[in-house]
Amino acid sequence: MELDESNLQNDSGINSQSQDSEETKNSQEWKTFAEEEEVIPNIDLSGSSLPLQDCNGEKVLRFFWLDAYEDRYNQPGTIFLFGKVFIESSKTHVSCCVTVRNIDRQVFILPRKTRHDKHGRDLGTPVEFKDVYEEFDQKVTNKYNIQEFKCKKVEKKYSFDKVDVPKTEDYLQVIYANNKEAQQLPADLKGETFSHVFGTNTSSLELLFLNQKIQGPGWLNIKYPQPPKTQLSWCKIEAVVEKPSFVTLVEETVPAPPLTVLSLSLVATTQGKSHSHEIISISGLVHNEIHLEKGAPKQQFKQSFCFVTKTSDQLLPYDFQSTLKKKNANIQVSPNERAMLGLFLAKIQQIDPDVLVGHDIHGFDLDVLLGRFTATKVPFWSKIGRLKRNQVPKSSGKFGTSDKSPACGRLVCDIKISAKELIRCKSYDLKELVSVILNKERNDLLPEDIPVKLRKTDTLMSMIWENRMDAIYNLQIMYELNILPLAYQITCICGNVMSRTLLGGRSERNEFLLLHAFSKKNYILPDKSYNQKHIHATEHEEENDEIAPTQTQATQSTQKQGASKKRSKGRKKPAYAGGLVLEPKKGFYDKFILLLDFNSLYPSIIQEYNICFTTIAREMKKSVIEGEELLPDVPESGLEFGILPTEIKRLVERRRQVKKLLKTVSEGSELYLQYDIRQKALKLTANSMYGCLGFSHSRFYAKPLAALVTGKGREILMKTKDLASNLGLDVIYGDTDSIMINTNCDDWNEVRKIGTKVKQEVNKLYKMIEIDIDGIFKSMLLLKKKKYAAVMILDRKPDGTFVEKREMKGLDIVRRDWSDLAKDAGNYVLGEILSAKSRDVIVENIHDYLRNLKDQIDNDQVDQAKYEIHKSLTKNPEEYPDKKSLPHVTVALRLKTQGRRVAVGDTISYVICDDSSKLAATQRAYHLEELTKSTSLKIDKQYYLSSQIHPVVSRLCDPIEGTDATFIAESLGLDPTQYKSAANHHGGDDPNVSVLMTDEERFKDVDKFYIKCSNKACTESLSEFKGSQDTKEDPLNCSQCKQDYKMNHVRNALRLFIREKQHKYYNCWLQCDDQTCGHLSRHISVKNFKNAHICQQCHRGNLRIEYTDSALYNQFLYLSIIFDISKSNEHRQSRASGKGEEWITLHKEVEKVLHNNAYRNVNMSNLF
């Protein structure tokens, strides 16, 4: 190998003093890192027997189960339970796998009242249970290869989607072996003597949990455990039980054992045209005492490891290993990737972690690891989990969504997935999470920089250090968000598997909670469908919140998940009506606004009206109107409380008790943290219970129930609005579960009295539904539905001053698809509007700010990061049909070609650049790194002024007098004439306003009438004809050649001008009212909301008529005035007296069309 001498000189000779100090600093960092570590003992249990305990005279294996795995197709009827057992000799907990075998299938057959023939015709012969047994024994068992079965008559209840099934009936319960030989019965199986078969698709895991009442991770007694003949897992202890009944719950309360957590971080580069990944470094941090019922440990980790290897086409620096010795860095160097992966798997087996932690570990790390295990043919790949397997699962991009998780037996905590459920960020990449949660800065490691960093020891060491820091960040974020304790509490409440809870699926959690509840009450459970393809939500998920504002989140998810892959760009019609949103009284309010909010409205409605599967009719009633469905009737008051309201009530009462306990302990204590996590888990579960009713892929989907809940919600909101109005209060807005009241008052105490009065009057009407004062706004800017900003008063100090906080909803400045530049401008403008300054001062300040901002942009004084726009991917970039029109997709595809990892849910950042092309702005999007590295790219300043800053500011200033879109455009150096139509749209066609307008205001946007001189020798091409408003002595002659216009020529020009305007009006062009779009179209969607047609281009704005009837009327009115010589001054009238007939003739031409214009007349009979 030849060494580059110039590199050697640069490394050794230049800036030696600073380099020495840097090396000393780095060495100290590695030394400090090593000093924090502890030695974790390795427990060797080879050859030892099962650690049995005495329990009521029996020897049992006391086992804490943590995860469960089922392979429905290769090992039917078998469940692998993974967890920990206590070893008395070493006083420690070790991993254990318990294999539960022979979990039989269990189905319930509903007999018919009378026998049917094979064609389904009713024969009228009564059916007895003996007949059902004989048909099953003689026909069904042979067809589906069921060798033997047990059966008995049982009474069961049913209250779900099949309306022909009785609420209570006797069933034939059939139990038969669940193995590869016996086939699964079809869900729609029918016979001559039976009409339905339930439970055909119930999983063995579900049967085990429900029959043995296992509800979340906990201690189990394993009776009659036997060591396996061959080792089935990588756990320290293994046991096999032959019957599920040998698995029982431990009755006494025993704390959960501490868990071993491993935080992983990889460095992978891409090789060749295939862009296949190659792992060059793996860093891990270990903590073996993480408690599920406690907060974060004081010591972040107890042990670390780091593996490094060369790439297939590049060696490590020659002095790398000697540098490692100098710095005492705990880094193992492997000769190649295969050797490093083998070391990594050996380390995994030695540590035996219960939890793997990482950022995007489901979407990237596990996928890459499995791919490299396969490519390098590393043996025993399954050590990444705890179950021994030979076949590598196929890469799906998201292993967590598959039953064949490669890490089964170990919980996988993906902080990216958990953060999405627990917090809101503009992006969920690690850099953003570190910034938001930890308030630290993280350096991004770019794939194209990795080969460069591998060339020198110092850059390689820096890269390894940053990779290790990522592993620390993973742990810190997990600790900060209390991910494991919260997931543990939720899983114990719902009774599902914790590994699934960590994936964030609320629907599945709610399903298990209801499965346990209905099973205890002896109900037949709804069957589950497996292997359904999940449809990603469209890219318009976030933008369209204003299009259909009455649609609840649950209904939205119903739409998104139920849509086909070939769905149209427009929104699908809601399955049922959602929450009510009152029409807002738009404007700025500087008096106190009272915000009243119902506490958990939908769960409270379910309790108030006893809405449940067991109490409500199971089908929607059809209305007389075609296609319309009526809401089911509310249950009678004396009816037994249903299971759904009972479960919600139980959760609410448990949370109330925990919150009481929370007040008895000091804040910040260990017990306080435990109580706080528990109440959060109860709150999350209770509030999401309604969601399973409206989610079409849920087993408990019930459209009638969901529709009734939202229907009652609309009724309650309207009743509350009417009640407040009857009290003489002004309700300015309401949304689903809250109303806003303009108190017209500046007295804090008086406002509180008003709120208390409304609260008392509303709460008198209900038992379980409760409204409360949620806040008081000092001032408020109400723009439209779901879009407002306000100054909320948090507290009142003893001196009478207030603690204030700005609250915003739906505004552009809180959305992540706007640049920080636009958000900063919006925040400044909003601050001015909400201030106590006079209107004139506010308007002047806003205009001055925008002019200064324009100067800063022109002079390149704005940080380039401020121009970044963030947009998330709702599907893989390749799956978008219109890639060119979506800038974030274009950038994502380009990043993918560079070897970056880009997947569904990732947030893509980009800037719009001027690249000297004539492409649309959406096709000139680049990543910020591309901009900084390029000399030909530069920020498209005009785009940011016109399409980012202007729309954000103009929307905020819409209700403010003294400014509009044209003034804002002028302040930003834009052409104000382009924004006149937008200003007109916002101004509307209010006749009361138009009556008060001056002629100058009314006619400022009309098209002027131009005429061409008929004299061929005249050099005047076209001149504006001002008529009665002209200062010329005679408006009917040419100002250039002084010859009179020919009468026929003027009349023809006038007629053509009138026809042009009529033609423009009847063309019915529609223009998007979103100023960043401005799309023109004559096509409208049949799907609209309250007569507002959604723009099919941007999916944000509404299509408005470009040339309105008022604009046409004003145009003709303008013509009528300029051709009415009586509107001129007396001197001009006298000079034009000789052409009076000509003036009258021209004026009649205009009056003729004005006479036919219905806008001119007011029909009084319509008003009175």
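Mentor: A nonpolar core is a set of buried Ala, Val, Leu, Ile, Met, Phe, Trp, Tyr and Cys residues joined through side-chain atoms within 4.5 Å, where buried means under 20% relative accessible area, exposed over 50% and partly exposed in between, with a 1.4 Å probe and protein chains only. The model is predicted, and local features need pLDDT of at least 70, side-chain atom pairs count only at pLDDT 80 or more, and totals for chains, interfaces and linings use all residues. Residues are numbered from 1 along each chain as its sequence is written, and side-chain values use heavy atoms, leaving out hydrogens and water.

Trainee: Which residues touch the most other members of the largest nonpolar core?

Mentor: This core holds 108 residues. Those in contact with the most other members are Leu-81, Phe-518 and Leu-693.

Trainee: Which helix gives the most to this core?

Mentor: Helices here are DSSP runs of H or I with at least four residues, and strands are runs of E with at least two, numbered from the N terminus. The helix in question spans residues 703-726 and supplies 9 residues to the core, and it is α20.

Trainee: From which domains does this core draw at least three residues each?

Mentor: The domain bounds come from an automatic or database domain assignment. On those bounds, at least three residues come from each of domain 1 (48-256) and domain 3 (576-602 + 703-810).

Trainee: How many salt bridges does the structure hold?

Mentor: Side chains of opposite charge can pair when their charged atoms come close. The criterion is a side-chain nitrogen of Lys or Arg within 4 Å of a carboxyl oxygen of Asp or Glu. The total for the structure is 49.

Trainee: How many residues apart are Lys-416 and Asp-906?

Mentor: These two form a salt bridge whose closest N and O atoms are 2.2 Å apart. Lys-416 lies in helix α8 (residues 415-422), whereas Asp-906 lies in the loop between α24 (887-897) and β30 (907-914), and the pair thus links distant parts of the chain, with a separation in residues of 490.

Trainee: What is the distance between the closest N and O atoms of Arg-1055 and Glu-1149?

Mentor: Arg-1055 is partly exposed at 32% relative accessible area, while Glu-1149 is buried at 11%. Their salt bridge brings the closest N and O atoms to a separation of 2.9 Å.
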